[in-house]
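Colleague: I am new to this structure. Could you take me through it, one question at a time?

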Amino acid sequence: MKDYVYDGSFEGLLTTLFYTYKEKDSLCIYKKEDYIPSLIEEVLTIITEEDKADRVYRSLLSKLSFETLTNVYHLYLSDLPQSENLILDYIRLCYQYSATINLAKNNPIIHKVENYTRKVTLEAHRMIGFVRFREIHSGIFYAQIEPDHHILPLIIEHFQKRFSNQYFIIHDLKRELALVYNKQEAYLKDFSPEEKEKLLNFANKDGFEELFKSYYKATTIPERLNERQRRSYMPRRYWKHLFEVSS
Amino acid sequence: MDIKTKLEILSDAAKYDVSCSSSGSRRPTQKGDLGSTAAAGICHSFTPDGRCISLFKILLTNYCQYDCAYCMNRKSNDIPRAAFTVDEVIDLTIHFYRRNYIEGLFLSSAIFKSPNHTMELLTTIVRKLRQEQGFKGYIHLKAIPGADEILIHEAGLYVDRMSVNIELPSSSSLKRLAPDKKKEEIFTPMKSISTHIVSHQEEWKKSQKAPLFVPGGQSTQLIIGATPDSDLNILTLTQKLYDKYRLKRVYYSAYVPVNKDKELPSIENPPTLREHRLYQSDWLLRFYGFRANELLDEEHPNLDIYFDPKTSWALAHLDQFPVEINKASYPLLLRVPGIGVRSAQRIMSSRRIAPLDYSDLKKLGIVLKRAQYFITCNTKYYGSVALDEDRIRKALRPTSFSADIGKTYEQLSLFTSSPKPLLLIEDSLSALTGEI
């Protein structure tokens with residue numbers, strides 16, 4: 001058994017796929033930050049190589065399909081344990097039978113891929129609604145999220161289009177990463193917990209949170225309470241950053 | 001009166017309008033605009049009643065000159081009244097929107113002074129939002145029954161969706177409970193909006209620069225359980241609305257007893273299960289290729305409370321079953337209880353690669369609990385009982401029914417020892433038979 005460790009970037013993963021695709025022995029792929037060194041296993045550290053990553057990317061796109069490539073990317077963003085190994089199994093399957101194997105929804109690997117990618121796209125869709133901005137300075141907005149999956153890259157386009165005339169930062173506390181938009185372009189940037197404290201100190205008490213809380217309360221129909229339904233649409237783990245329910 | 005109090009009064013007054021969807025619109029935006037619309041619609045929060053908050057749903061005012069028996073804002077009710085100014089509505093919408101609390105505005109109003117006056121105020125707000133604020137978010141506007149066609153048409157140029165609420169499903173109910181409203185006042189604007197939508201769509205096909213008119217389509221709402229109208233009446237009306245006026249959605253709202261009136265049924269709980277069954281049927285009409293007259297007829301004018309409408313239909317048409325999973329056409333698969341749109345698509349897709357085993361079906365999301373009695377897989381029947389109406393009916397009949405429908409009421413029934421949820425059925429029945 002071999003352990004492959006890569007730097008955690010998508011290019012790093014593609015490089016790893018390049019080197020592991022033909023590997024006959026059983027193996028495990030880890031992100032560097034998640035890897036706990038083991039005494040028994042042989043460890044191979046993969047250094048990202050742009051040209052190898054590029055070759056894999058092009059091959060996925062031309063020999064397989066855009067859909068397959070998208071699935072690989074979403075699996076990578078899932079941050080779920082063993083998702084890299086699933087990616088390897090998945091592309092091996094696809095290269096063997098061509099991308100049409102994606103139609104076989106009963107195949108255990110395809111089934112699992114669909115499950116995982118749906119989790120990621122569902123959370124990205126939910127987050128588009130659950131982001132709550134605070135105005136930290138006139139015209140500058142800041143929000144915090146703690147999603148299960150690394151969904152920031154999937155929501156860039158939406159927020160950039162929607163709030164094209166305001167500065168904003170969406171901060172993923174779990175990954176210490178932020179989506180920053182400066183009215184020109186949007187990009188991802190490392191963001192430390194200290195910066196978060198600093199930014200929150202600036203947050204205005206402009207009263208709109210209070211107003212929205214009143215709205216939230218008034219628009220509820222008490223005769224129809226259905227807590228279970230609320231939690232299934234808006235799971236508890238997200239409540240921390242939803243001020244209308246958090247306190 | 002401060003803005004918070006106004007907000008409380010006027011959102012409380014608007015909450016019985018169930019429509020919240022923000023989907024189906026396309027509004028081109030440019031860099032520098034505020035807002036966008038998402039084809040799939042986006043929910044921003046969920047209230048303890050499990051309903052989503054997508055749009056900021058308010059009344060412009062609840063000062064009303066009408067006296068509709070079912071409505072909490074009726075003239076004769078002694079309740080706090082308020083009215084927003086045009087700028088207050090715009091201000092709140094923009095600030096909430098910039099903070100990503102909402103997907104847009106849902107603006108309705110009581111009839112203040114006259115239908116035309118009210119409609120003019122509503123139109124002013126949406127015009128200002130679009131033209132002065134450059135707002136490109138979603139706007140759902142109520143067309144006020146009885147208002148001038150020109151006013152409604154102008155508003156239609158600014159909004160994404162418009163709706164005229166029918167509320168009461170028959171003219172006799174309308175006469176009894178909403179004496180100030182006339183049937184024509186509801187259907188005339190609906191018809192005119194629908195004609196305009198079609199003609200603007202034609203224009204749009206020729207040139208994408210043509211002005212948009214209600215690109216998100218039209219919807220309406222019916223109140224369930226306040227009148228003796230049968231489910232057959234309601235579904236037939238729904239079907240006509242989809243066919244004739246090309247409505248995007250018909251919403252059903254279980255009647256919540258907000259008023260005491262001799263014309264109204266006295267019910268303890270809103271008939272939410274009946275509402276649920278109607279929504280299930282509505283989905284069958286829109287996505288599963290069913291027609292209203294297949295689901296109900298004069299002999300069975302009401303939906304079965306114990307079985308979902310598709311199962312009821314299948315039980316009454318057992319001669320068309322079982323269907324072979326590996327051979328049946330897509331429209332036929334959609335008619336099998338336990339198979340939804342997504343699982344039917346998965347079956348069609350997987351079948352192109354290889355035939356399916358029975359053990360695959362669960363993976364595809366098929367609910368075998370129901371589907372097992374209506375399918376064969378490679379010619380083998382897997383149902384736990386034979387293909388016989390009575391036996392299947394017995395096997396499928398919910399055993400712990402009160403627990404099932406009590407879901408909605410777990411909060412309320414926690415401290416009551418009586419099986420309160422069961423009243424639900426009686427509630428809906430009493431309204432159905434007209435014992436009110």
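**Two chains, part by part**

Modeller: Start inside chain A, where 7 residues of domain 1 are in contact with 9 residues of domain 2. Bear in mind that this is a predicted model.

Colleague: Which helix of chain A gives the largest share of the side of domain 1 that touches domain 2?

Modeller: Two helices of chain A, helix 3 (66-78) and helix 5 (108-130), each supply at least two residues of that side of domain 1. By class, the residues of this side are 3 nonpolar, 1 polar and 3 charged. The largest share is 4 residues, and it comes from helix 5 of chain A.

Colleague: How far apart do the C-alpha centres of the two domains of chain A lie?

Modeller: Chain A splits into domain 1 (2-123) and domain 2 (126-246). The distance between their C-alpha centres is 31 Å.

Colleague: And how far apart are the C-alpha centres of the two domains of chain B?

Modeller: In chain B, domain 1 covers 3-224 and domain 2 covers 309-397. Their C-alpha centres are separated by 42 Å.

Colleague: What radius of gyration does chain B have?

Modeller: Chain B has 436 residues, and a compact globule with that number would come near 22 Å. The C-alpha trace of chain B spans about 65 × 55 × 40 Å along its principal axes. Chain B agrees with the globule value, because its radius of gyration is 24 Å.

Colleague: What percentage of the residues of chain B count as buried?

Modeller: Chain B holds 18 helices and 11 strands. Take its contacts between residues at least 6 apart in sequence: 70% of them join residues at least 24 apart. A residue is buried if 20 or more other C-beta atoms lie within 10 Å of its own. Of the 436 residues of chain B, the buried share is 46%.

Colleague: Which strands stand at the edges of the 6-stranded open sheet of chain B?

Modeller: The order in this sheet of chain B is 3-4-5-6-7-8, and the pairing is parallel. Two of the strands have a single partner strand each, so one side of each lacks a neighbour in the sheet. They are strand 3 (55-59) and strand 8 (249-254) of chain B.

Colleague: Chain B has another open sheet, with the order 9-10-11. Which residue of strand 10 stands opposite Val323(B)?

Modeller: That sheet has 3 strands and mixed pairing. Its edge strands are strand 9 (323-324) and strand 11 (380-381) of chain B, and each pairs on one side only. Strand 9 and strand 10 (residues 375-377) of chain B pair in the parallel sense, over 2 bridges. Opposite Val323(B) stands Ile375(B).

Colleague: Now the two chains together. Which helix of chain B gives the most to the side that touches chain A?

Modeller: Here 49 residues of chain B are in contact with 39 residues of chain A. Several elements of chain B each supply at least two residues of that side, among them strand 1 (45-46), helix 2 (86-98) and helix 12 (341-351). By class, this side of chain B has 17 nonpolar, 17 polar and 15 charged residues. The most, 5 residues, comes from helix 1 of chain B.

Key
Residues numbered from 1 in each chain as written. Chains lettered and ligands numbered in written order. Predicted model: local features only at pLDDT ≥ 70, side-chain atom pairs only at ≥ 80, totals over all residues. Pairing = 2+ DSSP bridges. Domains from an automatic or database assignment. Contact = placed C-beta atoms within 7 Å. Nonpolar A, V, L, I, M, F, W, Y, C, P; charged D, E, K, R; others polar. Rg over C-alpha atoms; globule rule 2.2 N^0.38 Å. Buried ≥ 20, exposed ≤ 12 C-beta atoms within 10 Å, placed from the backbone.
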